[in-house]
Number of protein chains: 2
Amino acid sequence: MTEKIEQILAHNKKFVESKCYEKYLTTRFPTKKIAILSCMDTRLTELLPAALNLRNGDVKIIKNAGGVISHPFGSVMRSFMVAIYELGVEEILVIGHYDCGMQGLDTSKIMEKMLARHIKQETIEVIRSCGIDLDLWLKGFDDVETSVKSTVGMIKNHPLIPEDVAVHGLLIDPETGALTLLA
Amino acid sequence: MTEKIEQILAHNKKFVESKCYEKYLTTRFPTKKIAILSCMDTRLTELLPAALNLRNGDVKIIKNAGGVISHPFGSVMRSFMVAIYELGVEEILVIGHYDCGMQGLDTSKIMEKMLARHIKQETIEVIRSCGIDLDLWLKGFDDVETSVKSTVGMIKNHPLIPEDVAVHGLLIDPETGALTLLA
């Protein structure tokens, strides 16, 4: 048990005892029939729902570094399958943001930091020899608008996404929450 | 432009004009040095941050259906790499929840729903012939506690996760937000 976990559990005990959860009660079906793919960025935790007027129960939210899809049959696309076929989602929003950590990620610098944290060079070589392209995996993207458009295209053209599902690309300002709809 | 997008953009315009974003201003570095992997469930959008006392700027949040890791070199594990090596994350929390849509997911029923939404049987056969195991991909898990523990193990044993990163498994009640720390 770490200090961070102790603090979280102490808060949680009070939260439940005071019935603070009552205002969040809802069902697992998204009222607005929307699924959102966005970034894990700290600035979006509360800002994104507030800036889009999303309350508990409104939407499904999928998040990772950059709000990207790494594989057409990976966990993000599976999430969309469950959202659409099991939970009635009709629209998908891909929301990238300016000043994203995935923009211009420097693979060689991450490798240096790994070595400094006692990951062995030998381990990295073994991973490479297993056919894993670490440079591609840690590459990130050059431009967030291009990345969002490419992700939107990947979803629209996925063979298991029904044609009547609308897919939109948007950018959000991580400070003001201002949205821009991409054409 | 759909009705849903129009409503979101109309709210967003007011949100920005009224400077509602001011109370969320923060940096991209997670103050609490924590990254969380959890589920896309609608009930967790506001409840999870509230139940753990997380504010904008505190943590990185990664979400997908079930809060799972599909591949050791997929988008979730890459997100942890960025969180740890670029953004100073020291602890990882994997938070599953009771009554999850990924528990007992019925692949054959999803396939039926796909066909009903005009996905062709032929398309499904072509995907299978490309070596994609659709049944495995859409399988979900039998038990959320086992799933969380397995995910925690996958992170702890990942060759590129530094040994000093603490990884915890927890379960959250999607109605009350009550947390249980798994041993």
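Figure 1. Helix H3 (residues 75-86) of chain B supplies eleven residues, the largest share of the side of chain B that touches chain A. Helices (H or I, at least four residues) and strands (E, at least two) are DSSP runs, numbered from the N terminus. Ten salt bridges are counted between the two chains, a salt bridge being a side-chain nitrogen of Lys or Arg within 4 Å of a carboxyl oxygen of Asp or Glu. One of them joins Lys113(B) to Glu86(A), with the closest N and O atoms 3.1 Å apart.

**Figure 2. The area buried between chain B and chain A.** The size of an interface is often given as the accessible area lost when the parts come together. Here the buried area (accessible area, 1.4 Å probe, that two parts lose on being put together, summed over both) is about 8,600 Å², and carbon and sulfur atoms give 65% of it. In chain B, the residues that lose the most area to chain A are Met40(B), Arg78(B) and Trp137(B), together 9% of what that side buries. The contact (heavy atoms within 4.5 Å) takes 96 residues from each of chain B and chain A.

**Figure 3. Cysteines without disulfides.** The structure holds zero disulfides over all chains, a disulfide being a pair of cysteine sulfur atoms within 2.5 Å. The closest cysteine sulfur to that of Cys100(A) belongs to Cys39(A), and at 4.0 Å it is too far for a bond. Cys100(A) is buried, at 4% relative accessible area, whereas Cys130(B) is exposed, at 60%. Buried means under 20% relative accessible area, exposed over 50%, and partly exposed in between (1.4 Å probe, protein chains only).

**Figure 4. The surroundings of Thr176(B).** Thr176(B) lies in the loop between strand E4 (166-172) and strand E5 (179-181) of chain B. Thr176(B) is buried, with a relative accessible area of 18%. Its side chain reaches the backbone nitrogen of Ala178(B) at 3.1 Å. Not counting residues up to four places away in sequence, Thr176(B) touches Phe15(A), Val16(A), Tyr21(A) and Leu47(B).

**Notes.** Residues are numbered from 1 along each chain as its sequence is written, and chains are lettered from A and ligands numbered from 1 in the order in which they are written. In this predicted model, local features need pLDDT of at least 70, side-chain atom pairs count only at pLDDT 80 or more, and totals for chains, interfaces and linings use all residues, while side-chain values use heavy atoms, with hydrogens and water left out.

Key:
Polar contact = N/O pair within 3.5 Å; in protein donor to acceptor, adjacent residues only side chain to side chain.
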